[in-house]
Amino acid sequence: MVIPKEILTDYKEIYEKAVKLVNEESKNDPADDPYKSHYTARNLLLEMKEMLKNSLVSVLAEEADDDKDDLVYQVIQAFVCRDLGRIYLFTEETSLGETSLRECIDLIKGKKTRPEVIIAYMGAVNELGIAYANRMEYKQSLELLSEVETCYKEFNKSEHKAMSITDIFGTPEEIEVDKSTKEFESLYTLCCFYLAQVYGHLGELEKSAQYCHMTLKRQYSAQTYEPIDFALNSATLSQYFIGQNMFKEARHHLAAATLIIAEYESKISHMDNSISEQECQDLQETFKHRYADVARCWSKYGLALLAASKERLFNDDDEKLATDAKNLKIDSNKYCFPPDMPLENYESRISCDYCLTFDDAKEVYHFVIKWLDQAKEYYKPDTEASEYAKIIKDFAELYEHMAFFEEDPSNQSKMQKRRAKYYEELLELLNPSFYLNICRECWYGAGLTYCAILDIKLDCFKSSASPNPQELHKINQVCQQAIKHFKSFIQSYTEKDGSIKANIDVDEQKTWLYSHFHLGRLHYKMITPDQKLQLENLSNSLKYYKAFTEECVKLAEASKSLQAEIGVCREMVNLLPIKMSNVRKRLEK
């Protein structure tokens, strides 16, 4: 490379001035002219690009240096086109941005794996891939980002060291050691980040998870992560693993999230006086908010572990069990962070194995309670009612799972009562006019809970040698509570003529239908020696069973999976009039 140093110095000064405008001075741009510095930088780079074109014409005319100067001018021009593309995209001039990026790519595509070229090429293709992703053209984005990954892997096979533009401008004394390598690696990390997003949008969730983990791992190894973003991304990724019953991997990523956010807390608590009190309060608020989010992810981990354990004990589906077994055999290094990341302290606090006994479940229970309480410290009903409601519903779900593992009927009943209490707490707190969907979930959840309590009490009642009136009273009380909640649920969907409101999705229609089925059963289960009350209960039972069968005909799509219940209801619709007739005869006597 024999370009006169003074010429390179001129280019270097223009380029560095443009970079400073974008990276530093733009932060102080006025609100009414937010792109001021970017426009100035763009004009400088456009002038530089024109100068480079003219110089390149002169060099090509001379053809006296075996194309060495030719390459240098092309590479500098490519970096300028790349940066122009970035600026145009930032200032929302998308068409010009993509044109500049393609110009960069075309200039150097034939030499893309050369050390001088690789960073400019990967950078431009990355930016173009991101632009396509931002306008939801995910297949085109995937092609471009995959090209970046291929270039990265091919270049790594060589023994060459990537060169940044500062390497091209500078003398050996001016070049910063490893700066170009860091830039090269960061380009691939950015590529991995967007590959994770693109695969997610294309529905390839496993590949998305792989690239998301790879991004986090690379960020940690290079120490280039932003702590809050890292913690949230790692905690969010854990939810994918939870959905796959990959509890070891989920725990690993939640441990990483907790480690990083704990380090962040330590850092902000030891801040010097370089920031204002308001900035310090903002940092503390951000920490509390995001720590509560990590806490919620931990609680979801415990709830999912209990749910999966319960399903596993119930399940005789060989295919499902085989899938779980396969997940347990996944390469332990596939989703692992570097060994120097100290996660053992956090991972050792909770098992990743399925619960088999009440004692196993009890350990998970205490773990979940701790994290739900932690989340409640930030999410308050008066400021974050919707999020607070989600936490309370998680408490209810926890007691539902624990009731399954409990063997003593009395304790089962107590746990179900605790579950109902959480739903009813929310119903007292929230106004259905503003939180109708949450109230619907609570009405239905409370109704199901009282049904579970009823089943426990009926089993005890049947097995009792001498049932007493107090037990009968409790059974009827439970029935009435369940009836009250199911009626509220049905009413929230029902028009004045008794039909379901329009534009209700199929899943909601199914739940609405099921509520009628439950009400028919609950009225039938009421126990009373009073013949008139018996007749009233049977009449109500018939009313709801009839409504169920009639509405199932109208809502054919929703009722497809309710064929067993439809069969039961038809039998009851035939049977109940006979029972009612017998009660009337006894009343007449």
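This is a dialogue about how to read some features of a predicted model.

Colleague: Before we look at single residues, what kind of model is this?

Modeller: It is a predicted model, and every feature we discuss should be read with that in mind.

Colleague: Let me begin with charges, then: how many salt bridges does the structure hold, and what is the general idea behind them?

Modeller: The general idea is that side chains of opposite charge can pair when their charged atoms come close. In this structure there are 24 salt bridges, and one of them joins Arg42 to Glu93, with 3.8 Å between the closest N and O atoms. Because Arg42 belongs to helix H2 (residues 36-62) while Glu93 sits in the loop between H3 and H4, this pair ties together parts that are 51 residues apart in sequence.

Colleague: Are the two partners, Arg42 and Glu93, buried or exposed, or something in between?

Modeller: A residue is called buried when its relative accessible area is under 20% and exposed when that area is over 50%, with partly exposed in between. Arg42, at 17%, is therefore buried, whereas Glu93, at 24%, counts as partly exposed.

Colleague: Which residue does Lys112 meet in a salt bridge?

Modeller: The side chain of Lys112 meets that of Glu147, at 2.8 Å from N to O. This pair links distant parts of the chain, since Lys112 is in the loop between H4 and helix H5 (118-134) and Glu147 is in helix H6 (residues 138-157), 35 residues apart. Lys112 itself is partly exposed, with a relative accessible area of 22%.

Colleague: What can you tell me about the salt bridge of Arg135?

Modeller: Arg135 pairs with Glu137, and their closest N and O atoms are 2.7 Å apart. Arg135 is partly exposed at 34%, and Glu137 is partly exposed at 26%.

Colleague: Which residues are linked in a network of salt bridges?

Modeller: Such a network links Arg82, Asp83, Arg86, Glu127 and Glu183.

Colleague: Which residues gather in a patch of positive charge on the surface?

Modeller: Residues of a patch must have over 30% relative accessible area and no salt bridge. Here Lys579, Lys585, Arg586 and Lys589 gather in a positively charged patch on the surface. Lys579, which is part of helix H22 (residues 563-588), has a relative accessibility of 32% and so counts as partly exposed.

Colleague: Turning to the backbone, which residues have a positive phi although they are not glycines?

Modeller: Among them are Glu92, with a phi of about 65 degrees, and Asn245, with a phi of about 60 degrees. Glu92 is found in the loop between helix H3 (68-90) and helix H4 (94-108), and Asn245 in the loop between helix H10 (227-243) and helix H11 (247-269).

Colleague: What does Thr549 touch, when residues up to four places away in sequence are not counted?

Modeller: Thr549 touches Ile566, Cys569 and Arg570. Thr549 is placed in helix H21 (residues 531-554), where it is buried at 15% relative accessible area.

Technical notes. Residues are numbered from 1 along each chain as its sequence is written. This is a predicted model: local features need pLDDT of at least 70, side-chain atom pairs count only at pLDDT 80 or more; totals for chains, interfaces and linings use all residues. Side-chain values use heavy atoms; hydrogens and water are left out. Patches are made of residues with over 30% relative accessible area and no salt bridge: like charges are joined within 9 Å, nonpolar side chains (Val, Leu, Ile, Met, Phe, Trp, Tyr) within 5 Å. Accessible areas come from the Shrake-Rupley method with a 1.4 Å probe; for residues, only the protein chains shown count as cover. A salt bridge is a side-chain nitrogen of Lys or Arg within 4 Å of a carboxyl oxygen of Asp or Glu. Lys and Arg count as positive and Asp and Glu as negative; His and the chain ends are not counted. The place of a charge is taken as NZ of Lys, CZ of Arg, CG of Asp or CD of Glu. Helices (H or I, at least four residues) and strands (E, at least two) are DSSP runs, numbered from the N terminus. Buried means under 20% relative accessible area, exposed over 50%, partly exposed in between (1.4 Å probe, protein chains only). Contact means heavy atoms within 4.5 Å.
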